[in-house]
Amino acid sequence: MTFVIGAACVDVMDRACVDECPADCIYVGERMAYINPAECIDCSACEPVCPVEAITTEEDVAPEEAVFVTENARFFTEALPGRTEPLGAPGGAAAVGPLGVDTPFIQNYTAP
Ligand code: F3S
């Protein structure tokens, strides 16, 4: 299991979750933040602090937001736009800093 950030985060990106995460596994993109599934320790600390309730467990993601499970993972497993290597599991978001980029899907995302 892992926690996933969904559509409600896009263009809000409050970042309360980033401050709360004891594993430092929530990475900041341009339009939203992404939970690294390889680093998430499933503690649930992030879930209640998001003011727009964007965070759920992978299992509880609504069917219409299933793509966000893929996109949270893709942010780390595929090279982001303008980069040649995937981010992978760098071991902490604070040291990496805001990435300023999203997956191509999120770059072009418009809420239904
Ligand atoms: Fe986004 Fe909510 Fe975190 S808006 S950055 S998931 S606190």
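Thr57 counts as buried, at 10% relative accessibility; buried means under 20% relative accessible area, exposed over 50%, and partly exposed in between, worked out with a 1.4 Å probe on protein chains only. The model is a predicted one, in which local features need pLDDT of at least 70 and side-chain atom pairs count only at pLDDT 80 or more, while totals for chains, interfaces and linings use all residues. Residues are numbered from 1 along each chain as its sequence is written, and side-chain values use heavy atoms, with hydrogens and water left out.

Back to Thr57, which sits in strand E4. Helices (H or I, at least four residues) and strands (E, at least two) are DSSP runs, numbered from the N terminus. Leaving aside residues up to four places away in sequence, Thr57 touches Met1, Thr2 and Phe3, where contact means heavy atoms within 4.5 Å.

Next come two glutamates. Both Glu39 and Glu53 are found in the loop between E3 and E4, with E3 covering 33-35 and E4 covering 55-57. Glu53 is exposed, with a relative accessible area of 68%.

A salt bridge is a side-chain nitrogen of Lys or Arg within 4 Å of a carboxyl oxygen of Asp or Glu. What Glu39 does have is a polar contact of 2.7 Å between its side chain and that of Tyr27. A polar contact is a pair of N or O atoms within 3.5 Å; within protein, one must be able to donate a hydrogen and the other to accept it, and residues adjacent in sequence count only if both atoms are side-chain atoms. Tyr27 is also among the residues that Glu39 touches, along with Ala23, Asp24, Cys25, Ala89, Pro90, Gly91 and Gly92, again not counting residues up to four places away in sequence.

Salt bridges do turn up elsewhere, and the structure holds three of them. One pairs Asp11 with Arg31, the closest N and O atoms being 2.6 Å apart. This pair links distant parts of the chain, 20 residues apart: Asp11 is in the loop between strand E1 (3-5) and helix H1 (16-20), and Arg31 is in the loop between strand E2 (26-28) and E3. Asp11 counts as exposed at 54% relative accessibility, whereas Arg31 is buried at 17%.

Arg74 takes part in a salt bridge with Glu71, at 2.7 Å between the closest N and O atoms. Both lie in helix H2 (residues 66-77), three residues apart, or about one turn of the helix. Arg74 is partly exposed, with a relative accessible area of 29%, and Glu71 is buried at 2%. Arg74 also meets Glu78 in a salt bridge (3.3 Å, N to O). Shared partners join Glu71, Arg74 and Glu78 into one network of salt bridges.

Finally, there is the ligand, surrounded by 14 residues, each with a heavy atom within 4 Å of it. The closest are Cys9, Asp14, Arg15, Cys17 and Cys50. By class, this shell has twelve nonpolar, no polar and two charged residues. Here Ala, Val, Leu, Ile, Met, Phe, Trp, Tyr, Cys and Pro count as nonpolar, Asp, Glu, Lys and Arg as charged, and the others, Gly among them, as polar.
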